[in-house]
Amino acid sequence: MENKTIARTLRFLSQLMELHEENPFKIKSVANAYFKVDKLPFSLKDKPVEEIDKIEGIGKSLAAKIIELLQTGELKELNDIISQTPEGVVEMLGIKGIGPKKILIIWRTLGIESIGELYYACNENRLIEAKGFGLKTQEEIKNAIEFKLAANGRFLYAQVEGYANTLHTQISGWLIKVDNHSLIGFAGQFRRACEIIDELEFVIGAENIEEVQTNLEFFEPLSLIAGEDAFITTNTAGLKIEIYVVDKADFYLEYFKLTGNTEHVEKVLKLAGDGPFSNEEAIYSKAGLSFIEPELREGFNEIELAKENKLPKLIVYNDLKGSLHNHSTWSDGVHTLEQMALYCKDTLNLQYFGICDHSKTAVYAKGLNEQRVFGQHQEIDELNRKLAPFKIFKGIESDILSDGSLDYSDEILRTFDFVVASVHSNLRMDEAKATARLLKAIENPYTTILGHPTGRLLLSRAGYPIDYKKIIDACAANKVVIEVNANPLRLDLDWRWHRYALEKGVLLSINPDAHRTEGFHDMRYGILVARKGGLSADKCLNAFSLEEITEYFKTKNG
């Protein structure tokens, strides 16, 4: 074992010891040994064992650790302390800019046990409430996590979108100079609005293929390499980019082939043949199908529906009439209740706004006790008089406790216009227990919406396992709406289960879970995944008009 490996192991041990608040003198001794070992002018593996404790700065205790590492390749003390530490907390030590002291606060005070939860907490502005953290530190941590998450080459759609659109504009501008009559479009995962993007694909339909191909290698924003089928590169963030150049006459066929997943493409072309086609609509028409939007081309039942002309009219952003499940400074939001409401009213031109600050169990998020609930309701009444006909609905995000009950009495729950019931704690239940927990919450007569049903955080936390069919069936039976949490990190309920929910007559609600005014714009990402799931406006709760949703809440609450 090399000195650097020994030094890194000792440093790691000292960090974990600090995380578990062990004897500070012992921690300092191990930390000092790390620096000492790293700077030794000779290799410890070549040193006689009996001489190691004679090295300056290394006594018998540290020598014993070094000898154990040299002889076994591991350290029992380190393994023991790792076993006492959540895996996600250990991973946090690899984030640049935060050391054991800050991680200890994140873990013990805020109850955060994974990098994904930490990133989400940064988005919710929760870190600045903790001792020793400020807005600048929170932003630095968020940026460091984004850099770390990008290292595996997978990205959230929302992370890629801005860059993708800029690159599209750059390529389009370049094409005007090289081949003025060419065509260009996004393909693959990005065009299908997938929640996770592994690669960004473009298709160019060129009149002069050789001219475009020759010049692409000199396209300055990217360092492209000509591959067998496409020009390929990876940008500085680690995103793979592929640019396909085809004859303009074949553009729409290749555009189609490179957009849908393999199963969808093969089934359609078996019906349509090989063209040529003047546009994508012509491909579907030749196949005897209604046009299938790119988001739906995933190989589910979209082709069967298209044959029968039964495809849903997919929801669009302008169908939304209000925003439900949002937070304010009453709990862990950045903006006041009035600021959030006015943004919905004046900037987004919505008809209503639903506030759902955290409930009393969420002490980490300044959750509302019963007295504060009453205070917030008074402010809402005043604002509703001031802002009419725009309306603020009195909601709450009530924590689902481990046994499935909500964390307010019925007396308090009935004071709300609607209740979003969500899990925020004890996320390690097995499928049977997690499902039973949600079923009890769904059966609560005051539950209006089931919030982020699996608790997943994309690219960082899988979420707790549930029996989706049982949960959706229960929502249908109890007339509970299921949330499509539009935060790009969540997008939960997963779009792959939207169809089943809709078939069962369950309404969905595209909720931004906004903690600041900018967060309302996440509804766009909720729309994209809802379209993938086949949602139409008439099946979306917050596409209801003010009159319709007022009546819905009244009926639900009896």
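1. Strands are DSSP runs of E with at least two residues, and helices are runs of H or I with at least four, both numbered from the N terminus; two strands pair if DSSP finds at least two bridges between them. On these terms, five strands form an open sheet of mixed pairing, in the order β2-β4-β7-β6-β5. The edges are taken by β2 (183-187) and β5 (225-226), each with a single partner strand, so one side of each has no neighbour in the sheet. The pairing of β5 with β6 (residues 231-234) is antiparallel and runs over two bridges. Within β6, Phe-231 is the bridge partner of Ala-226.

2. The basis of these remarks is a predicted model, in which local features need pLDDT of at least 70 and side-chain atom pairs count only at pLDDT 80 or more, while totals for chains, interfaces and linings use all residues. Residues are numbered from 1 along each chain as its sequence is written, and side-chain values use heavy atoms, with hydrogens and water left out.

3. Aromatic contacts come next. Rings of Phe, Tyr and Trp (its six-membered ring) pair if their centres lie within 6.5 Å; planes under 30 degrees apart count as stacked, over 60 as edge-to-face and the rest as tilted. The count by this rule is 20 aromatic pairs. One of them joins Phe-256 and Tyr-284 edge-to-face, at 5.6 Å centre to centre and with 85 degrees between the planes. Phe-256 belongs to helix α12 (residues 251-259) and Tyr-284 to helix α14 (residues 280-286), so this pair ties together parts that are 28 residues apart in sequence. Both Phe-256 and Tyr-284 are buried, where buried means under 20% relative accessible area, exposed over 50% and partly exposed in between (1.4 Å probe, protein chains only).

4. A further edge-to-face pair is formed by Phe-544 and Tyr-552, with 6.1 Å centre to centre and 80 degrees between the planes. Phe-544 is buried, at a relative accessible area of 15%. One aromatic cluster takes in Phe-544 and Tyr-552 together with Tyr-352, Phe-393, Phe-418 and Phe-553.

5. The charged end of Arg-108 sits over the ring of Trp-107, 3.8 Å from its centre. For Arg-499, the ring is that of Phe-300, and the distance to its centre is 5.0 Å.

6. Pockets and cavities are defined on a 1 Å grid over the protein atoms alone: a cavity is a set of points where a 1.4 Å probe fits but cannot get out, a pocket is an open set with protein on both sides within 12 Å along at least five of seven lines, and lining residues have an atom within 4 Å of a point. Grid points are joined across faces, edges and corners, and a volume is the space filled by probe spheres set on the points.

7. The largest pocket holds about 780 Å³ of space. Its lining comprises 34 residues, of which Glu-113, Ser-114, Glu-117, Leu-427 and Arg-461 lie nearest the centre. Two or more lining residues come from each of α5 (87-92), α7 (115-123) and α8 (135-150), and α7 gives the most, with five. By class the lining has 13 nonpolar, eleven polar and ten charged residues, counting Ala, Val, Leu, Ile, Met, Phe, Trp, Tyr, Cys and Pro as nonpolar, Asp, Glu, Lys and Arg as charged, and the others, Gly among them, as polar.

8. The second largest pocket has about 470 Å³ of space and is lined by 26 residues, with Asn-123, Lys-142, Asn-487, Pro-488 and Asp-522 nearest its centre. The elements giving two or more residues to this lining are α7, α8 and α9 (157-178); α8 gives the most, with five. The lining divides into eleven nonpolar, seven polar and eight charged residues.

9. There are two cavities of 30 Å³ or more. The largest has about 70 Å³ of space, and its lining includes Leu-156, Cys-194, Glu-195 and Pro-488. Both α9 and α22 (523-532) give two or more residues to this lining, the largest share being the three from α22. By class, ten are nonpolar, none polar and one charged.

10. The second largest cavity has a volume of about 40 Å³. Among its lining residues are Arg-414, Asp-417, Phe-418 and Tyr-446; Phe-418 is also a member of the aromatic cluster described in point 4.

Notes: A charge sits over a ring if NZ of Lys or CZ of Arg is within 6 Å of the ring centre and within 35 degrees of the ring normal.
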